Amino acid sequence: MSGKPAKTRKAPSKRQVDLSPSEKIDARIASLTDWRGEKLALFRKLFHQAGPEITKEWKWRGTPVWEHDGIIAVGDAYKNKVKITFRQGAFLPDPKNVFNAGLDGNKWRAIDFYEGDELDEPAFMELVRQAVAFNTRKKQ
């Protein structure tokens, strides 16, 4: 299993540099012409549904990031998976065991999705809401 992002990225064109984070994420999703693009689009939709106040950012030369009072999660597509990594995942309740990667870390927790995996959307959205609440408490 490769830990490297899928080789669909190209150096940003001058036009891409002028795009908003949302437009850059749209372009990233469009560049993934298989199930990974569909899955990344679904996650984006679920982040917005779970926390309409969440903003989308584009960081680290090509990574979709969702924020509210700090980073909630980062996501990207790799050769054989889509990975959503929650920055404060170790501190979030996960009664449905949605996290399946990075379980030994002190802070980050991730969800690796492979082709054909089913997503428990309500449980995922609850993690997002918990992450928003965590960041909000931490900021106060």
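Five bridges connect strand S3, residues 71-77, with S4, and the two run antiparallel. This is a predicted model: local features need pLDDT of at least 70, side-chain atom pairs count only at pLDDT 80 or more, and totals for chains, interfaces and linings use all residues. Residues are numbered from 1 along each chain as its sequence is written, and side-chain values use heavy atoms, with hydrogens and water left out.

On terms, helices (H or I, at least four residues) and strands (E, at least two) are DSSP runs numbered from the N terminus. Two strands pair if DSSP finds at least two bridges between them.

A hairpin of three residues links S3 to S4. Within this pairing, Val 74 has Thr 85 in S4 as its bridge partner. S4 also pairs with strand S5, residues 109-114, in the antiparallel sense, over six bridges. There, Thr 85 stands opposite Ala 110.

Is S4 buried or exposed? Six of the six residues in S4, 81-86, are buried. Buried means under 20% relative accessible area, exposed over 50%, and partly exposed in between, with a 1.4 Å probe and protein chains only. In a regular strand, side chains alternate between the two faces of the sheet. In S4, Lys 81, Lys 83 and Thr 85 lie on one side and Val 82, Ile 84 and Phe 86 on the other, and all are buried.

Now Glu 121, in helix H4, residues 121-139. Glu 121 is partly exposed, at 33% relative accessible area. Leaving out residues up to four places away in sequence, Glu 121 touches Leu 42 and Leu 46, where contact means heavy atoms within 4.5 Å. Its C-alpha atom is 9.0 Å from that of Phe 43, 78 residues apart along the chain.
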